[in-house]
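Here's a quick briefing to read alongside the model. Have the structure open while you go through it.

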Amino acid sequence: MRKLFLTTGAAALLMACGTSKTATTTKAPEVKPKQDVSFFANTITSDELKEALYTYASDDFEGRDTGEPGQKKAVEYLKNHYVTLGIPSPISEGDYFQKVPLEKQAAPDMTLKIGDKEFKAIEDYVSVTDGENGEVNSQEIAYVGYGIDSENYSSYKDIDVAGKFVLIKGGEPKNEDGTFIISGSDKASKWSTNQQYRAKREIALSKGAKGILFYSPQIYPMVAQQFGSGGQMGLKEDTPQEKMYYIFVNSSIAKAVVEEIDSETTSKLIKTPMNLTFKSNVKEVDSENVAAFIKGSEKPDEIIVISAHLDHEGVKGGAIYNGADDDGSGTVAILEIAEAFKAAVDNGQTPKRSILFLHVTGEEKGLLGSQYYTDKDPIFPLENTVANLNIDMIGRTDPQRTEGDRNYVYLIGSDKLSTELHNLSEEVNKKCCNVELDYKFNDDNDPNRFYYRSDHYNFAKNNIPVIFYFNGTHADYHQPSDTPDKIEYDLLENRTRLIFNTAWELANRDARIIVDKAEVKAE
Ligand SMILES: [Zn+2]
């Protein structure tokens, strides 16, 4: 029965004292004095960061390669840390892992014979998709020029390619005056831009072709390097692409089929025997993001995401890539920030908004863990996500940066979607930390394109304001020599405190920050 006569204050006091039956037997609760944000920020110390990083970037974790045993150790370490801190999972009780199903496509085992010549993998051809396992024997190849099918130009008009391999060349046709036939202007169409590989594949598939030999001497070396070796990793597709052989060929093969291919555009059937054997090398890879969560006291549905990638390059040629800076530094920074927030919670100062601590996998393979989070399975709705503070390499200094204070950090993205986020970040820094904020890499025209190269980008592309914290690259970047002894722990401490203070302000200010520069998505 409810004791209606109790005043609200007394009821709260009773509840705070747990299960005691009467008020007379309860002790007065210990009243902890309210603390300033700096009190909690000061729990972030270089000693604790160092201790955590010497474990996280140790040889024991074998470079934390995505899906490998070293990475499993890393995710267990992160989980145990949150269990010890008493910070719960947002997924289900005790389960801090968000499964991220991946697949790794290494070059298939292939042979290819055209006419009476046996060609060599990589040197002469490279497969870029997963074809059917088995053997193909045919007596003709359909040459379809540029492989275009549009309103005013078609390579497929007078030719039946059903069940055949087609040979396609890159690019699109031009008029004598140099303008493009398809656009009628000097504007290239999708048939010669980066979209051509997909567009030409789709047309060939719709015409019933069995496979594609694609000839583009300009990009062949790049494609051969990318697909000929170690293997591409990607998110496992829910609906796998329709299987079709898609093989990039060098001029040795293209010219063996159509000698004048560089000038010839007329489609025709070429009588020549072809034999292909194919065995795919696609492996499923289990990986996971690690997530922990502090629920906000007043606006629990509004989420601040603090992220860093948990993976690195693994072991290559017998050398362990410890990834102390990349991104051990960001990882241990989050652990310390989480601990500081938990200290606030324990002191009765739970942040108003919720905080999600998100350690993402597969960053080095193409921002895969963060892409899975934003594109496939956001734990919290993206429209409720206030901001993403992403930390990737904050333990070192940039040797190229010869002027200014060593106590700096590069900020990228802070002003791109929300002016308010940028101003808040500047103000917080002045108040708390006085780190020199360097916007050198925030320039849209910066050739390094760092804005697109870490996990915050998957949030930014959804119009979620981001700040990417980064110290720049150095000689040990993506080398086995990126070890914890080279970290400048005093700087790591300052930068981590800055990020904590910024998150604190984002979580506790009255109004949610405004997105005033949202990009209209082209769809
Ligand atoms: Zn990296």
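This is a predicted model: local features need pLDDT of at least 70, side-chain atom pairs count only at pLDDT 80 or more; totals for chains, interfaces and linings use all residues.

Residues are numbered from 1 along each chain as its sequence is written, and side-chain values use heavy atoms, with hydrogens and water left out. Helices (H or I, at least four residues) and strands (E, at least two) are DSSP runs, numbered from the N terminus.

**The zinc site**

- The zinc ion gets its protein donors from Asp326 (OD), Glu364 (OE), Glu364 (OE) and His478 (NE2), at 1.9 to 2.4 Å. Donors here are N, O and S atoms within 2.8 Å of the metal (3.2 Å for Na, K and Ca), and sites may look incomplete because water is not among the atoms.
- Along the chain, the zinc donors follow the spacing D-x37-E-x113-H. Aspartate 326 sits in helix H8 and histidine 478 in the loop between strand E19 (466–470) and H12, so this pair, 152 residues apart, links distant parts of the chain.
- The site of the zinc ion is irregular, with angles of 56 to 145° among its 4 donor atoms. Four donors count as tetrahedral if all angles lie between 85 and 135 degrees; four count as square planar and six as octahedral if opposite donors are over 155 degrees apart and all others between 65 and 115; anything else is irregular.

**H8 and H12**

- Helix H8 (residues 324–346) and helix H12 (residues 489–508) have axes that come within 10 Å and cross at roughly 50°. That makes H8 oblique to H12. (Angles under 35 degrees count as roughly parallel, over 145 as roughly antiparallel, 65 to 115 as roughly perpendicular and the rest as oblique; axes are lines fitted to C-alpha atoms, for helices over the stretch in contact, with angles from 0 to 180 degrees between N-to-C directions.)

**H4 and H8**

- Helix H4 (residues 69–85) packs with H8 at an angle of about 15°, the axes being 11 Å apart. That makes H4 roughly parallel to H8.
- Tyr77, Leu78, His81, Tyr82 and Leu85 of H4 meet H8 residues including Ile334, Leu335 and Lys342.

**H3 and H12**

- H3 and H12 pack at about 110°, with 9 Å between their axes. That makes H3 roughly perpendicular to H12.
- Ser46, Leu49, Lys50, Leu53 and Tyr54 of H3 make this contact with Tyr489, Asp490, Leu492, Glu493 and Thr496 of H12.

- The peptide bond from aspartate 326 to aspartate 327 is cis, with omega near -10°. Aspartate 327 is in helix H8.
- Glutamate 62 has phi near 45°, a positive value in a residue other than glycine. Glutamate 62 lies in the loop between helix H3 (46–56) and H4.

Notes: Contact means heavy atoms within 4.5 Å.
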